[in-house]
Amino acid sequence: MSVTTSDSELKARHRKMWASGDYPRMVETFLLPLGPRLVEACDVRAGQRVLDVAAGTGNASLPAAERGARVTASDLTPELLAEGRRRAEAAGLELEWTEADAEHLPFEDGSYDVVMSSIGVMFAPHHQEAADQLVRVCRPGGTIGLLCWTPEGMIGALFRTMKPFAPPPPPGAQPPPLWGGEDHVHELFGNRVEWRTLTRDVLEVTAFAHPQDYARHFTAYYGPTIAARANAAREGREAELDEALERFCEEWNRGTADAARFEKEYLVAVGTRR
Ligand SMILES: C[S@@+](CC[C@H](N)C(=O)[O-])C[C@H]1O[C@@H](n2cnc3c(N)ncnc32)[C@H](O)[C@@H]1O
């Protein structure tokens, strides 16, 4: 698919959104376990050519490089790649860091043994285009591995909570948490991937004493929440969104009022590219 002006503008907005707030801080606070879980599920081995799509700060790329794989970390947002590069240097790891839109990957057909994405490619707005790219750059017999928030889990519910406040989605865009549904994955990949693993698990988050601390964390650091709040502000509805987020975090708290605990469901899909 060729890149149109409106698509470039859309991706520029997305890039700005993901560079806003402090996503690296969210990773360090509670998301770090996800990368190694995906790398383990993909059974990444030394010497393999691995592409991490929508890699952000390299949450999955770094553990793959630690196993001796030759890793390319690609993402739309250069600010996040820069932070990933710093983390890799501190850990003494060498990776390639490439700015790339998941819907137009600048890599040769069949050039990777493993193509993976941890809560990443799900945020590219055109799901079929992105899925087609993952298949294209993976060699036949190679592995495609995805870890995505589910529609029924906490982040699926967060997107439903934010929807009435967020800017209207661009034409043709689909909601990110759809990628966490088994049926959607089957529809996107058809018979091009034979899925070996399609399992749901949860990320437990205990980093916040009170549920409202988690709501504030989203408001301060999470690009999609910051974008929804900026849109709400234009309509004078920030307080309404803040209240909705506080209620949401209270509803999803599985701990106590002073020791919050959240369970965030995700789908792990790992398969062989036919
Ligand atoms: C929730 S973060 C996940 C980052 C990382 N994989 C992790 O596990 O922490 C979502 C990432 O998707 C990236 N992203 C969003 N839209 C994208 C697109 N169209 N192409 C490539 N990356 C994209 C963002 O820049 C961001 O780094």
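The questions and answers below concern the ligand and the cavities of this predicted model.

User: On what basis are residues numbered and values counted?
Analyst: Local features need pLDDT of at least 70 and side-chain atom pairs count only at pLDDT 80 or more, while totals for chains, interfaces and linings use all residues. Side-chain values use heavy atoms, with hydrogens and water left out, and residues are numbered along each chain as its sequence is written, from 1.

User: How many cavities of 30 Å³ or more are there?
Analyst: A cavity is a set of points, on a 1 Å grid over the protein atoms alone, where a 1.4 Å probe fits but cannot get out. Grid points are joined across faces, edges and corners, and a volume is the space filled by probe spheres set on the points. By this rule the count is two.

User: Which residues lie nearest the centre of the largest cavity?
Analyst: The largest cavity holds about 390 Å³ of space, and this is the space taken by the ligand. Its lining consists of 29 residues (each with an atom within 4 Å of a point). Those nearest the centre of the largest cavity are Trp 18, Ala 54, Asp 75, Gly 120 and Phe 123.

User: Which helix gives the largest share of the lining of the second largest cavity?
Analyst: About 80 Å³ of space lies in the second largest cavity, whose lining includes Trp 18, Tyr 23 and Lys 264. The largest share of this lining, four residues, comes from helix 2.

Notes: On a 1 Å grid over the protein atoms alone, a cavity is a set of points where a 1.4 Å probe fits but cannot get out, and a pocket is an open set with protein on both sides within 12 Å along at least five of seven lines; lining residues have an atom within 4 Å of a point. A molecule sits in a cavity or pocket if more than half of its atoms lie within 2 Å of its grid points. Helices (H or I, at least four residues) and strands (E, at least two) are DSSP runs, numbered from the N terminus.
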